[in-house]
Amino acid sequence: MMKIVFTDADTVSTGDLSLSAFAAHGTVIRYGVTAPAEAAERIADADILLCNKTPITAEVLRSAMHLKYIGILATGCNNVDLDEAKRLGITVTNVPGYSTEGVVQLVFTFITELFGNLGKYRASVDAGDWKTSPTFSYFPYPIQGLAGKTIGIVGFGAIGSRVAKVADAFGMRVLVSTRTPKSGYPYEFVDFDTLLRESDIVTLHCPLTSETNGLMNGEAFGKMKKGAALINTSRGPVIDEKALREALDCGKLMGAGLDVLTTEPMAEDCPLFGAPNCIITPHIAWAAVGTRARLLEIAEHNLAAFLEGAPENVVNG
């Protein structure tokens, strides 16, 4: 029987979703979380590795003498040394597209909160302020309509294109900056500087690469509109966090909505902790039960396809 090791199963299910489907393919060993120093020992005799964010370095891979397959339980693949896996003949797959709707939902949750201040109004009503209001309606916190606002989308894959469609339904002007401009869409494809200069909201949907690492830095913030907002549901290192903190502190940006950080869990010295009008959520855009169930379904399908000799969603050639 194949030995299948989950190194960080608690990241996809804490008991609310079953992993039993994978048992049809071998003996399943489940670890809730695996520290980097524990990875080599835990997968030393594994045939199949299933992981989400466990770092799988070249050294770890070289110690796994029986490993044939790695199923990444995510879209991003930067936790696995793909080149070394390829050299060793280990097939690596990911799960693309499973969380598109969840990410889009969180993007607009951030946007509507930043521009509508719903949380502040709820807190005010809960504090009894409406009971003592001299007027039937009061609005001490600014509310801005989204219709007519310009949203700049950096990256135009499945998520970016879906964000554009929803923004269009709000009556927003949509700008897109992407490596490969596409035709047939009713949006404006512009260069990155134009997007920064003209957008009221910049939302990031690009992969983390050497080109996008630190893309949103002090120079980029300096080119943005005063009072614009930044949304990031892609990868934390796309943003220079110290530069963002400065842009928020000085009022250059009106706010930010972030579901990802450079270090996760949040580092003790994270420069964005306590930043003004900065909403930070703990990487939850993908966390809806239905979304995670879809992830596991695709991951099991990927494993079955590999074992049948026709691997799908391979990310290392």
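Which residue in strand 12 is the bridge partner of Ala-256? The structure is a predicted model, in which local features need pLDDT of at least 70 and side-chain atom pairs count only at pLDDT 80 or more, while totals for chains, interfaces and linings use all residues. Residues are numbered from 1 along each chain as its sequence is written, and side-chain values use heavy atoms, with hydrogens and water left out. Helices (H or I, at least four residues) and strands (E, at least two) are DSSP runs numbered from the N terminus.

The bridge partner of Ala-256 is Cys-278 in strand 12. Strand 11 (residues 253–258) runs parallel to strand 12 and is joined to it by three bridges; two strands are taken to pair if DSSP finds at least two bridges between them. Both strands belong to an open sheet of seven strands, with parallel pairing and the order 8-7-6-9-10-11-12. Strand 8 (188–189) and strand 12 (278–280) each have a single partner strand and stand at the edges, so one side of each is left without a neighbour in the sheet.

Helix 4 (residues 100–116) lies across strand 6 (150–154), strand 9 (201–204), strand 10 (228–232), strand 11 and strand 12, and runs at about 150 degrees to strand 11. Angles run from 0 to 180 degrees between N-to-C directions, and axes are lines fitted to C-alpha atoms, for helices over the stretch in contact. Contact means heavy atoms within 4.5 Å. Helix 9 (residues 241–249) also packs on this sheet, where it touches strand 10, strand 11 and strand 12, and its direction makes about 140 degrees with that of strand 11.

The axes of helix 4 and helix 6 (residues 158–169) cross at roughly 50 degrees and come within 9 Å. That makes helix 4 oblique to helix 6 (angles under 35 degrees count as roughly parallel, over 145 as roughly antiparallel, 65 to 115 as roughly perpendicular and the rest as oblique). On the helix 4 side the contact involves Thr-100, Glu-101, Val-103, Val-104, Val-107 and Phe-108, which meet Ala-158, Ile-159, Arg-162, Val-163, Val-166 and Ala-167 in helix 6. The residues of this contact divide into nine nonpolar, one polar and two charged; Ala, Val, Leu, Ile, Met, Phe, Trp, Tyr, Cys and Pro count as nonpolar, Asp, Glu, Lys and Arg as charged, and the others, Gly among them, as polar.

A second open sheet is formed by five strands in the order 2-1-3-4-5, with parallel pairing. Strand 2 and strand 5 (91–93) stand at the edges, each with a single partner strand, so one side of each is left without a neighbour in the sheet. From one strand to the next the twist averages 15 degrees. Strand 4 (residues 69–72) pairs with strand 5 in the parallel sense over three bridges, and Ile-70 has Val-92 in strand 5 as its bridge partner. Helix 10 packs on the sheet and touches strand 1, strand 3 (48–51), strand 4 and strand 5, its direction making about 160 degrees with that of strand 4.

The count of salt bridges comes to 15, a salt bridge being a side-chain nitrogen of Lys or Arg within 4 Å of a carboxyl oxygen of Asp or Glu. Asp-16 forms a salt bridge with Arg-292, with the closest N and O atoms 2.6 Å apart. Asp-16 is in the loop between strand 1 (3–6) and strand 2 (27–30), whereas Arg-292 is in helix 10 (residues 289–307), 276 residues apart.

The peptide bond from Glu-264 to Pro-265 is cis, with omega near 0 degrees.
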